[in-house]
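Me: Hi! I'm new to this one, could you walk me through it?
Reply: Happy to, here it is.

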Amino acid sequence: MAAGPSPLTAWLTTAEPQSRTQARVGHAYQSFRRLARNPTAMAGLVIVGLLVFVAAFAPLLATHSPIASGDLRTERLLPPGPVFWLGTDDQARDIYSRLLYGSRLTLAVVILVSIIATPIGLAIGTVSGYFGGWLDRVLMRITDIFLAFPRLVLALAFVAALGPGIENAIIAIAITAWPPYARLARAETLTIRNSDFIHAVRLQGGSSLRILLKHIVPLCLSSVTVRVTLDMAGIILTAAGLGFLGLGAQPPTPEWGTMIAQGRRFLMDQWWVAAVPGIAIFVVSLGFNLLGDGLRDALDPKASR
Amino acid sequence: MATPLIEARNLSVRFGVGRLTVAALDDVSFTLAPGESLGLVGESGSGKSTVLRALTGLAPLSGGSLKLGGVAVPTPRRMNFFTAVQMVFQDPYASLHPRHTVDQILAEPLAIHRIPHAETRIVAALREVGLGPSYRFRYPHQLSGGQRQRIAIARALILRPKVVLLDEPTSALDASVQAEILNLLEDLRRAFGLAYILVSHDLAVVAHLCERLIVLRQGRMIEETTAGALRDGSVKTDYTRAMLAASGGFTRVGPTAPPTAPLRNT
């Protein structure tokens, strides 16, 4: 770099920030640069970014209606071609358009599950680890009970009790997703709880609530974020699995798992009907996994020197 | 005589239960006058840090009484205790939140005690410990050990306490930085009329900063003496004398004097 860093880079990387915002933005920029150095993480970020983009602009990108059938006599189960880019299914619907709209459901499932499950896991884990004693024992035994169930089976039971549908599938997955986060947050809290900087806040008269919210939760957040990102692949697969079993999104909703279930009957002769949503699930799951791995390296507090 | 700032009577602290009980502190009494500085010395495990933890309530007292300004200190501690007594920890790498800027670290006690004009207080606190306002928005990992300890001192002083508890404030620092921090502590004490309780295994540090000192061994008080007595070697007990010999270089013993003390400099 002969010309030296640009003013913006200099502003972001200065060792002497002039304001709270600059310090925070600069810190985020450093984390991002660590992430950007990792090519697989960037590949994951691109895939996830693409998913978000496609979900946001699905109506603009789609060539056909995702729900309305085409001409059932001439347009059923067509192979990929110039009109139907990824072929059509047994209801003569364009698979490409259904795939685009399905990304909205996938993204909604992922976001809603993490919004519901992460705070529950964090709250239970940090409270349990910070206060210890009987509260810790009670909360951790409850967590153990949830952990003892296989995720899909518990989700199945919940969906069976609440009735099929994407909303219930989301609730069911969220209920089964939080225990690992609680375990992780508790383990982190136990190592932080007795450190000097927590003692220092207590000596300043800080309440337990303040210590938990302002000091312990932010430190647990990065490892929990990594774990949630890595779990997103599993969440997508569980949602698709529930859809496949007919307990998630109901037809004609363009959900990827449901699409595979419908294409199963034609797997031998019209492979694309099931393969295309299958590839989409695979690629998006892989993207979240790669991103999670990269985040682990970027957010590791020990590496942030 | 005026009421002492801190009056500790027969403090005892026990850890563990049943047969595994360990008396970390046994019958320790002392007083601290305003502006005075008291040293607690002893080898590792002698209970000197436990005294500070017992004062602050981090370790529960199993016996004895504690008074601050003539008033009994309740458990759990009240807010007025925290504005009067503050602490500087041993390891500046562990005592600052790794994800908070200096600004956040110093703003925290002000927010807890709802003290107005935080902005000016923070800048003033940085200046007091010899750091410019350019340090305000840095993260701890961007600071050296000595700078971190200065931040920790600024955090302790920002509430304007009367007593500062110093838990081996220099033992994690380089020798050259140690002297800087000790001089800073000395200056601050004079400027704000602070009282110190200094815990250290380093007799030179204690003699530099304290007038009086208490020697602890296995949770018991061995001797109460003065820095002067330490300097001219007129200490009463053998244990203290052995400690003096072991901290060689401080007292000018001849090369033949065997350092037979059961001491390790940790």
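**Where chain A meets chain B**

Me: How many salt bridges does the rule find across the interface of chain A and chain B?
Reply: There are 3 salt bridges across that interface, a salt bridge being a side-chain nitrogen of Lys or Arg within 4 Å of a carboxyl oxygen of Asp or Glu. One of them joins R20(A) and E119(B), at 3.8 Å from N to O. This is a predicted model, where local features need pLDDT of at least 70 and side-chain atom pairs pLDDT 80 or more, while totals for chains, interfaces and linings use all residues. Residues are numbered from 1 along each chain, chains are lettered from A in the order written, and side-chain values use heavy atoms, without hydrogens and water.

Me: How many residues does the contact take from each chain?
Reply: Chain A brings 30 residues and chain B brings 34 residues, with contact meaning heavy atoms within 4.5 Å.

Me: And what area is buried between them?
Reply: About 2800 Å², with 56% of that from carbon and sulfur atoms. Buried area is the accessible area (1.4 Å probe) that two parts lose on being put together, summed over both.

Me: Which residues of chain A lose the most area to chain B?
Reply: R20(A), L203(A) and Q204(A), together 27% of what that side buries.

Me: Switching topic, what does UniProt list for chain A?
Reply: An unreviewed UniProt entry lists "domain: ABC transmembrane type-1" for residues 103–292 of chain A; such annotations may be inferred rather than shown by experiment. In the model, that span is 84% helix and 0% strand, where helices (H or I, at least four residues) and strands (E, at least two) are DSSP runs.
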